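Subject: Structure handover and findings

Dear colleague,

I am passing on the structure we spoke about, and I would be grateful if you could look it over before you start your own work. The sequence and coordinates come next, and my notes follow them.

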Amino acid sequence: MSKAYVNDERHPDLPPPASTVGAVGWMREHLFSSPANILMTVVSIGLLAYVVPPMVSWLFTSAVWSGGADACRANPDAACWTFVGARFDQFVYGFYEKTERWRVDIMLILLFAGIAALVYEKTPGRKWIGMFMLIGYPILSWIMLLGGDWGTPNISLYNVIVVLLPIVGIALLSYDRLPSARTIGIVLTAFYLLAIALLLGLTAAGKTELWIGSTVIYSLVRLDTIIITLIPFLGLFALTKSGEMERRGTIGIAMLVVFAILVLGFFFDLPAPSSLDMTLVDRVVVVSMVEVPTKQWGGFMLTLVIALTGIVASLPLGVLLALGRRSNMPAIRVLCVVFIEFWRGVPLITVLFMASVMLPLFLPPGVSFDQLLRALIGVALFSAAYMAEVVRGGLQAIPKGQYEGADSLGLTYWQKMRLIILPQALKIVIPGIVNTFIGLFKDTTLVLIIGLFDLLGAVQASIADPNWNAKSVAYTGYVFTAFVFWVCCYGMSQYSRYLERKLHTGHKR
Amino acid sequence: MANANPNGAQITDEIAVQINGMHKWYGEFHVLKDINLTVNRGERIVICGPSGSGKSTMIRCINRLEEHQQGQIIVNGTELTSDLKQIDAVRREVGMCFQHFNLFPHLTIMENCTLAPIWVRKVPKKEAEETAMKYLERVKIPEQAHKYPGQLSGGQQQRVAIARSLCMNPEIMLFDEPTSALDPEMISEVLDVMIDLAQEGMTMLCVTHEMGFARKVANRVIFMDGGQIIEQNEPEEFFNNPQSERTQLFLSQILNH
């Protein structure tokens, strides 16, 4: 009894008992761990045995894979896949002009290629592809899918310079680490003065256009156009002196956005303020395609258009709304709360009805915009409100210490949100965000009630076709629709789980 | 104690922090009552007191993590008002370490250290990384630079937090109970870094109960209770010859076990 038991050697690591590892161990643990578990296992196997064989038979073995409607009528108790095959084009494109469907194909291929490139981590230039998919792709799709004439005004060299001068100038000056900003400012101002002098001189000489051969190099520009673009440029130029570096960047970016909108407006022929309406010689049509009005859009393509617009628009809008709702500024907070609660309190069907029937009543006569566009805006705002609440949940889960840590380093509000808070908050709410996306994707079927034929609408329209009146046709159509939706939603869900795992950087404090 | 400041010439003023008649309320509760404090450049001040005495609140007022309602706080010659620009200007020059570190868990140690210099000071990335590495070496964890905070021990995280603040080249450092959330084994590694910093002449305000640290580096120890500064003195005097009864009681409680 004099000596206590002491381990004076290191005990070797032993393998675990055989019954707890491998297939046997797994089955013991998951299938037969208790009497209740054993019972459930047996019942489940029974249920599967009852359900699976008839399902396989209906879907595959006795299904009609070839032939026409008659084959399906002859075999009413099995899937009628020939129906899906025969109507596949309609399911994908709706009533889109047959000869123009290649445009949809191109956009679909681009979309899937883009998504694949983004999902695969090692794609070179993923950031740029992402930017293209978010900004360029929607514009390109609108042009490609809608068709019609797209072009630029036939601007003379002089016009181009007058338009580019402020854009280049502002872009340069808003870069706050630009060396010799003042010199560049002076050079650009000199160009401006030259442009004005040229305009005044040629106008005084009675010339409105100058041609070299068949190219127009000068055409009259309204003086106020130049002056309006000159003022913001000079403002920025003035700021270079006072050393207001940060303001310069913000103001500059804001101005560039305004200019971009004006230039885009030009391109898209949107009504611009008359003072910015430069005198045009003519229009150069760059792309000319048959116009396919949105009324003819349909099928899976329409489902994608609505769902993707909603997804792409709702996340940034939702983030802004969520930040607004947590803002210290009462006016912004109230505005955001009212917006969110309004859209959340209204069923999507009502939103769609309002957008398609009531909105035109509020617009001035003569102004109307596309039915689909209205539905898109309705869906985007509706899902933005839901997204805002999801994001707010994430914002609230971030400990106060993170805000204080960012504050103590001197980060501004937007830097703090963008670099510290949102990356963490959005990561937490990935499941909620994807949940909203999936909900949105499935809710697109509701556009049926305002007369747009999405995938479900297209399938339903095909089922009603008297040539295909067989008992199994409707079932097959709906099973097919369900399967397509399931594949898309399950894909999103899997990707979100993958993202969660990837972004997990250990437990946080 | 006029110490050379690494930023050189721009500092002419000898006073780093000046607080005049400052009051603060949380709703109805009067947390800070008539605080008057002058901190000279290069001075190291330890603030102690029972919990709820307002010591953390006071130093958090210095970089406006808490807003004061009355009185005046002047940091580096800039008065703290509701003007966001002034607040940002002060925060750029004042580093802070928290009880719970408040590292950014989604960023690596390196990114934690370079984020503010890059975005706030507009330092080029490469230069910011070199500076960060220098300070990480100084707190003796350069090898952890590419890990995430969640993979580090508490003491390592606090040292990263100190390095992160130093990367902004601050003139004043605030420490809000930097060792109270740490395991006993890790306290000394953090204190060593703080002592090192003090010896280089950094202006420091530390809320801490590490009395050994106070004796070793502080120029002045401040005792707070009930939202007021009860007593302030040089460390030797403070510990050996406390004046007020409240201070005596406090010292006897924390030193006698």
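In what order do the 4 strands of the open sheet with antiparallel pairing in chain B stand? Please bear in mind, as you read on, that this is a predicted model. The order is β2-β1-β4-β5 of chain B, and the edges are taken by β2 (29-40) and β5 (78-79) of chain B, each of which has a single partner strand, so one side of each is left without a neighbour in the sheet. Within this sheet, strand β1 (residues 15-26) of chain B runs antiparallel to strand β4 (residues 70-75) of chain B and is joined to it by 5 bridges; in one pairing, Q18(B) has I74(B) in β4(B) as its bridge partner. Helix α1(B) packs on the sheet, where it touches β1, β2 and β4 of chain B, and its direction makes about 120 degrees with that of β1(B).

Chain B also has an open sheet of 6 strands, in the order β6-β7-β8-β3-β9-β10, and here the pairing is mixed. Its edge strands are β6 (94-97) and β10 (228-233) of chain B, each pairing on one side only, and from one strand to the next the twist averages 20 degrees. Strand β9 (residues 220-225) of chain B is antiparallel to β10(B), with 5 bridges between the two, and the bridge partner of D225(B) in β10(B) is Q228(B).

Helix α1 (residues 55-62) of chain B lies across β3 (44-48), β6, β7 (172-176), β8 (203-207), β9 and β10 of chain B, and it runs at about 150 degrees to β7(B). Helix α5 (residues 154-166) of chain B lies across β6 and β7 of chain B, with an angle of about 170 degrees to β6(B).

As for charged pairs, there are 27 salt bridges over all chains. In one of them, the side chains of E404(A) and R60(B) meet at 2.4 Å, N to O; E404(A) belongs to helix α15 (residues 400-408) of chain A and R60(B) to helix α1 of chain B, so this pair joins two chains.

Note on methods
Residues are numbered from 1 along each chain as its sequence is written. Chains are lettered from A and ligands numbered from 1 in the order in which they are written. This is a predicted model: local features need pLDDT of at least 70, side-chain atom pairs count only at pLDDT 80 or more; totals for chains, interfaces and linings use all residues. Side-chain values use heavy atoms; hydrogens and water are left out. Two strands pair if DSSP finds at least two bridges between them. Axes are lines fitted to C-alpha atoms, for helices over the stretch in contact, and angles run from 0 to 180 degrees between N-to-C directions. Contact means heavy atoms within 4.5 Å. A salt bridge is a side-chain nitrogen of Lys or Arg within 4 Å of a carboxyl oxygen of Asp or Glu.
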